Amino acid sequence: MKKYEYNGKIYCEEDLSCEIDNYGGDLYALYFALKADDKAHENTVYYAEPESSRDYYESPEELIEAEFGDLVVEE
């Protein structure tokens with residue numbers, strides 16, 4: 001399971017709210033935090049046709065993994 005750290009909070013697919021105090025939410029919550037800080041935009045996420053350009057992402061998870069891999073927390 002990949003964990004991402006952004007603005008002092010940890011985001012991942014599993015709910016870690018009972019395990020860590022700084023749990024920020026799932027990857028959708030991370031996307032919205034990045035969007036609020038103007039680092040991700042609505043027009044960066046599309047549900048694209050298979051033959052569409054690879055610049056488009058099919059989900060917020062795919063966008064985060066491709067563009068914000070530097071936020072991954074090493075265990």
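A residue counts as exposed when its relative accessible area is over 50%. D38, at 55% relative accessibility, is therefore exposed. The structure discussed here is a predicted model. The protein has two helices and three strands. In sequence order they follow the pattern β-β-β-α-α. Of the 75 residues, 29% are buried.

- Most residues other than glycine have a negative phi.
- D38 has a positive phi, near 65°, and is not a glycine.
- D38 sits in the loop between α1 (27-36) and α2.
- N7 also is not a glycine, and its phi is positive at about 50°.
- The loop between β1 and β2 holds N7.
- N7 counts as exposed because its relative accessibility is 60%.

**The salt bridge**

- Side chains of opposite charge can pair when their charged atoms come close.
- The model has one salt bridge.
- It joins the side chains of K2 and E65, with an N to O distance of 3.8 Å.
- K2 lies in the segment before β1 (4-6) and E65 lies in helix α2 (residues 60-67), so the bridge ties together parts 63 residues apart in sequence.
- K2 is partly exposed, at 43% relative accessibility.
- E65 is partly exposed as well, at 49% relative accessibility.

- E65 has its place in helix α2.
- The C-alpha atom of E65 is 9.5 Å from that of Y4, and 61 residues separate the two along the chain.
- E61 is also found in helix α2.
- The C-alpha atoms of E61 and Y31 are separated by 8.2 Å, with the residues 30 apart along the chain.
- E61 counts as partly exposed because its relative accessible area is 22%, and the buried class applies only under 20%.

**Surface charge**

- A patch of negative charge on the surface gathers E13, E14, D15 and E19.
- D15, one of the patch residues, is in the loop between β2 (9-11) and β3 (23-25).
- The relative accessible area of D15 is 56%, so D15 counts as exposed.

**Cysteines**

- How many disulfides does the structure hold? The count is zero.
- A disulfide would need a pair of cysteine sulfur atoms within 2.5 Å.
- C12 is buried, with a relative accessible area of 0%.
- C18 is exposed, with a relative accessible area of 80%.

Conventions: Residues are numbered from 1 along each chain as its sequence is written. This is a predicted model: local features need pLDDT of at least 70, side-chain atom pairs count only at pLDDT 80 or more; totals for chains, interfaces and linings use all residues. Side-chain values use heavy atoms; hydrogens and water are left out. Patches are made of residues with over 30% relative accessible area and no salt bridge: like charges are joined within 9 Å, nonpolar side chains (Val, Leu, Ile, Met, Phe, Trp, Tyr) within 5 Å. Accessible areas come from the Shrake-Rupley method with a 1.4 Å probe; for residues, only the protein chains shown count as cover. A salt bridge is a side-chain nitrogen of Lys or Arg within 4 Å of a carboxyl oxygen of Asp or Glu. Lys and Arg count as positive and Asp and Glu as negative; His and the chain ends are not counted. The place of a charge is taken as NZ of Lys, CZ of Arg, CG of Asp or CD of Glu. Helices (H or I, at least four residues) and strands (E, at least two) are DSSP runs, numbered from the N terminus. Buried means under 20% relative accessible area, exposed over 50%, partly exposed in between (1.4 Å probe, protein chains only).
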